[in-house]
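The sequence and structure come first.

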Amino acid sequence: IGSLLEQKTEAFEEQEIVSDATVKNRIIVPTLTVDEMIKQSSKSFSDLNFLYMNIQGSELSALEKAEETLTHLDYIYLEKNIVSRYENCPSPDEIDNFLLEHNFIKEWEYIDQRWGGGFSFYVKP
């Protein structure tokens, strides 16, 4: 299991499906914002209308730094943690509220309580 956020060991130990998760080592990983990745690519913001994110609890942080990208998107599909497995992991409501403030409506959601997470699909009307 990998995340930019510090793992909450007790959250993983409580869930059968990932109870054997352990931290074996830590590495420093350089990161870019979504806006920076697009600026450094051969694409322009207007070429994109869909964003898929599954980044282990860092979804809200990434969205907050994707201001230019969000204005061009029509659809967002992302993972949400129902169980807070990481330090400073946002709640599903925090993600929903942020996206609602940016004119996205949640169209579909699948939550699996067994593994403490799910996926949501948002649309900009």
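The side chains of which residues meet in a salt bridge with an N to O distance of 2.9 Å? They are Lys 106 and Asp 96. This pair links Lys 106 in strand β3 with Asp 96 in helix α5, 10 residues apart. The model is a predicted one.

**Salt bridges**
- The structure holds five salt bridges.
- Lys 80 pairs with Asp 96, and their closest N and O atoms are 2.5 Å apart.
- Because Lys 80 lies in strand β2 and Asp 96 in helix α5, this pair ties together parts that are 16 residues apart in sequence.
- Lys 80 also meets the side chain of Glu 109 in a salt bridge, at 2.8 Å from N to O.
- That pair connects distant parts of the chain, with Glu 109 in strand β3 (residues 105-112) and Lys 80 in strand β2, 29 residues apart.
- Lys 80 counts as buried at 0% relative accessibility, and Asp 96 counts as buried at 14%.
- Glu 109 is partly exposed, with a relative accessible area of 33%, and Lys 106 is partly exposed at 34%.
- Through shared partners, the salt bridges of Lys 106, Asp 96, Lys 80 and Glu 109 form one network.

**Fold and surface totals**
- The chain has five helices and four strands, arranged along the sequence as α-α-β-α-α-β-α-β-β.
- Of its 125 residues, 38% count as buried.
- Among contacts between residues at least 6 apart in sequence, 65% join residues at least 24 apart.
- The chain exposes about 7900 Å², of which carbon and sulfur atoms supply 51%.

- In soluble globular proteins, nonpolar side chains tend to be buried together.
- The largest nonpolar core here has 14 residues, and those touching the most other members are Leu 63, Leu 70, Ile 76, Leu 78, Leu 99, Phe 104 and Tyr 122.
- At least two residues of this core come from each of β1 (50-53), α3 (59-64), β2 (75-81) and α5 (92-101).
- Neighbours within four places in sequence aside, Ile 76 is in contact with Leu 51, Leu 63, Leu 70, Leu 99, Phe 104, Ser 120, Phe 121 and Tyr 122.

**Nonpolar surface patch**
- Phe 50, Tyr 52 and Tyr 75 make a nonpolar surface patch of about 310 Å².
- Phe 50 is found in strand β1 and counts as partly exposed, at 43% relative accessibility.

Technical notes:
Residues numbered from 1 in each chain as written. Predicted model: local features only at pLDDT ≥ 70, side-chain atom pairs only at ≥ 80, totals over all residues. Heavy atoms only, no water. Core = buried A, V, L, I, M, F, W, Y, C linked by side-chain atoms within 4.5 Å. Buried < 20%, exposed > 50% of the residue type's maximum accessible area, 1.4 Å probe, protein only. Contact = heavy atoms within 4.5 Å. Patch = residues over 30% accessible without salt bridge, like charges linked within 9 Å, V, L, I, M, F, W, Y side chains within 5 Å. Areas by Shrake-Rupley, 256 points an atom, 1.4 Å probe, with all protein chains shown as cover. Salt bridge = Lys/Arg side-chain N within 4 Å of Asp/Glu carboxyl O.
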